[in-house]
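Please keep the sequence and the model in view while reading.

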Amino acid sequence: MFKVDKPEMINKTFRLPLKLVQQLQTVAQNKKVSLNNLVQQCCEYALANLDED
């Protein structure tokens with residue numbers, strides 16, 4: 001049976017430098033994903049590849 005999963009989400013506010021946000025927006029537009037989705041993927045990648053030192 002098909003089951004629709006809805007992950008639990010929470011709203012948070014982060015302050016980011018303007019230049020970084022502009023770069024993220026450009027990448028999101030070029031890759032045709034939402035800015036939120038791109039930021040989520042970037043954070044997940046960074047955490048998965050975090051230097052343990």
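The text below treats the helices, then their contact, and then the largest pocket.

The model is a predicted one, and its description can begin with helix H1 (18–31) and helix H2 (35–48), both of which give two or more residues to the lining of the largest pocket. H1 has 14 residues and reaches 20 Å from its first C-alpha to its last, which is close to the 20 Å expected at 1.5 Å a residue. Just after H1, Lys-32 takes a positive phi of about 60°.

The axes of H1 and H2 come within 9 Å and cross at roughly 105°; because angles of 65 to 115 degrees count as roughly perpendicular, the two helices H1 and H2 are described in that way. In their contact, Leu-24, Gln-25, Val-27 and Ala-28 of H1 meet Leu-35, Leu-38, Val-39 and Cys-42 of H2, and the residues involved divide into seven nonpolar, one polar and no charged.

The largest pocket holds about 650 Å³ of space. It is lined by 19 residues, of which Phe-14, Asn-36, Val-39, Gln-40 and Cys-43 are the closest to its centre, and H2 supplies the largest share of the lining, eight residues. The table sets out the lining by residue class.

| Class in the lining of the largest pocket | Number |
|---|---|
| Nonpolar | twelve residues |
| Polar | four residues |

How values were computed. Residues numbered from 1 in each chain as written. Predicted model: local features only at pLDDT ≥ 70, side-chain atom pairs only at ≥ 80, totals over all residues. Heavy atoms only, no water. 1 Å grid on protein atoms, 1.4 Å probe; cavity = no way out; pocket = protein on both sides within 12 Å on 5 of 7 lines; lining within 4 Å. Points joined across faces, edges and corners; volume = space filled by probe spheres on them. Helix = DSSP H or I, 4+ residues; strand = E, 2+ residues; numbered from the N terminus. Nonpolar A, V, L, I, M, F, W, Y, C, P; charged D, E, K, R; others polar. Axes fitted to C-alpha atoms, helices over the stretch in contact; angles between N-to-C directions. Parallel < 35°, antiparallel > 145°, perpendicular 65-115°, else oblique. Contact = heavy atoms within 4.5 Å. Expected span 1.5 Å × (residues − 1).
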